[in-house]
Amino acid sequence: MSKGKVIDLRSAIELLKSVPGQLIETNEQVDPHAELSGVYRHVGAGGTVMRPTRIGPAMIFKNVKGHEDARVIIGLLASRERVGLMLDTKPGRLGFLLNEAVKNPIAPITVSKAKAKCQEVVHYADEQGFDIRKLVPAPTNTEEDAGPYITMGMCYASDPETGESDVTIHRLCLQSKDEISMYFVPGARHLGVFREKAEKAGKSLPISISIGVDPAMEIAACFEPPTTPIGFNELSIAGAIRQEAVELIPCLTIREKAIANAEYVIEGDLLPGVRVREDQNTHTGKAMPEFPGYTGPACAELPVIKVKAVTHRMHPIMQTCIGPSEEHVSMAGIPTEASILQMVDKAMPGRLLNVYAHSSGGGKYMAVLQFKKSQPSDEGRQRQAALLAFSAFSELKHVILVDEDVDPFDSNDVMWALNTRYQGDVDTVFIPGVRCHPLDPSQNPVYNPALKDKGISCKVIFDCTVPYHLKDKFQRAKFKDVDPSRFVPELFNK
């Protein structure tokens with residue numbers, strides 16, 4: 001392996017160790033029950049986490065209470081700069097990188113057992129003393145959570161009719177020694193379609209959960225339709241990012257595959273007709289912290305995975321995240337940016353210069369579109385671009401449009417445009433009654449009686465672009481273009 005090349009979680013960690021400020025480790029014992037996440041909130045969670053928090057380094061806990069042989073890493077993707085490092089591109093170009101990867105996918109391949117690092121240690125569920133809660137150090141993020149959650153599990157399953165496979169990250173709660181509940185956003189996940197087909201036929205659905213993998217896979221897994229329609233295996237996007245196919249290995253107890261170099265793999269069956277209350281062990285009424293910044297309600301009925309085996313590498317590294325953290329912004333937001341770039345560029349090439357799925361929306365609710373009007377007939381196209389963005393990603397709620405001289409990644413610059421290039425009565429477009437994402441608590445008939453159902457929203461366009469015929473009236477102050485590195489090289493020669 002060449003220095004700096006990322007092929008799995010361990011090589012990603014080695015890369016970050018070589019870059020000051022990107023990774024810290026601690027030998028201080030930590031309790032995975034609420035304490036671990038409580039610490040990282042202050043170190044580097046960011047996102048929509050209640051303040052105080054900040055963007056900071058990823059963190060490895062090397063002394064996890066109750067799990068002597070394991071380490072836990074959190075926040076690997078909780079910084080756009082760090083994601084750029086691990087995907088080998090500039091942070092502002094990540095959306096373009098993923099867009100190209102979607103257009104040039106490289107399908108995963110199946111390799112021999114000799115390359116199955118994830119099966120170095122095997123635990124079968126029928127062995128005496130088997131307990132997934134003791135084998136997998138899944139944190140409980142807050143004291144009122146329904147239980148320990150696997151938050152970075154790459155769930156892999158196949159269509160029982162076509163055999164086409166899909167990978168997605170889901171909310172997975174450890175319920176007993178060999179049972180995990182699995183949350184599906186209603187009508188929005190391909191694995192949900194596979195599960196429903198299997199259940200209708202009275203059959204279980206084999207599923208593998210790979211934890212601790214190349215971060216390119218975690219980003220790629222978060223694409224959604226229409227960019228990746230059913231039958232599109234998102235692991236092929238990760239292959240394109242690395243220019244090398246993702247390697248899969250056959251599972252030991254089910255007819256499914258898993259990621260060969262994962263730190264942990266859980267093998268099991270999604271059982272037909274079996275449901276469990278998500279907070280059956282705590283009765284708190286709460287699930288876990290979600291990306292909007294609130295703790296989601298526990299579901300009354302969730303499908304159940306019956307675990308058949310847990311396999312892992314020697315001295316495994318558990319990977320986790322805080323739901324509302326900047327990590328979610330990276331995983332959900334960067335694929336959203338790529339999807340918007342792709343759809344708008346097909347309709348009006350060259351006009352959309354960049355997109356930022358803003359941190360305050362968890363990477364899902366808000367996007368800033370940098371749009372260039374080059375001729376009089378471009379006036380109004382910026383709003384068409386916003387409408388296309390809503391189509392590219394159905395869970396998007398707010399779009400802010402800015403001109404080419406505004407940095408979409410700089411919130412102060414965007415707010416400047418809102419303050420000087422926007423009039424609320426003429427530059428706001430309301431699109432009421434559109435399906436969005438159910439975890440936004442304001443999208444509820446209790447909040448607004450005009451809403452017909454939970455999860456329906458009023459989408460809004462904030463057009464902060466200058467009308468084309470007035471562009472010469474809105475020129476920013478022009479400073480002399482100089483090379484500042486001659487005066488302060490420590491700031492600019494990096």
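Trainee: Which residue stands opposite Asp166 in β8?

Mentor: This is a predicted model, where local features need pLDDT of at least 70, side-chain atom pairs count only at pLDDT 80 or more, and totals for chains, interfaces and linings use all residues. Numbering starts from 1 along each chain as its sequence is written, and side-chain values use heavy atoms, with hydrogens and water left out. Strands here are DSSP runs (E, at least two residues; helices are H or I, at least four), numbered from the N terminus. β7 (residues 153-158) and β8 run antiparallel, joined by 5 bridges, and strands pair if DSSP finds at least two. Opposite Asp166 you'll find Ala157.

Trainee: Which residues have the most contacts inside the largest nonpolar core?

Mentor: A nonpolar core is a set of buried Ala, Val, Leu, Ile, Met, Phe, Trp, Tyr and Cys residues joined through side-chain atoms within 4.5 Å. The largest one has 56 residues. Top of its contact list are Met154 and Leu235.

Trainee: Which backbone nitrogen does the Gln382 side chain reach?

Mentor: Gln382 sits in helix α10 (residues 381-392) and is buried, at 1% relative accessible area. At 2.8 Å, its side chain reaches the backbone nitrogen of Gly380.

Terms used
Buried < 20%, exposed > 50% of the residue type's maximum accessible area, 1.4 Å probe, protein only. Polar contact = N/O pair within 3.5 Å; in protein donor to acceptor, adjacent residues only side chain to side chain.
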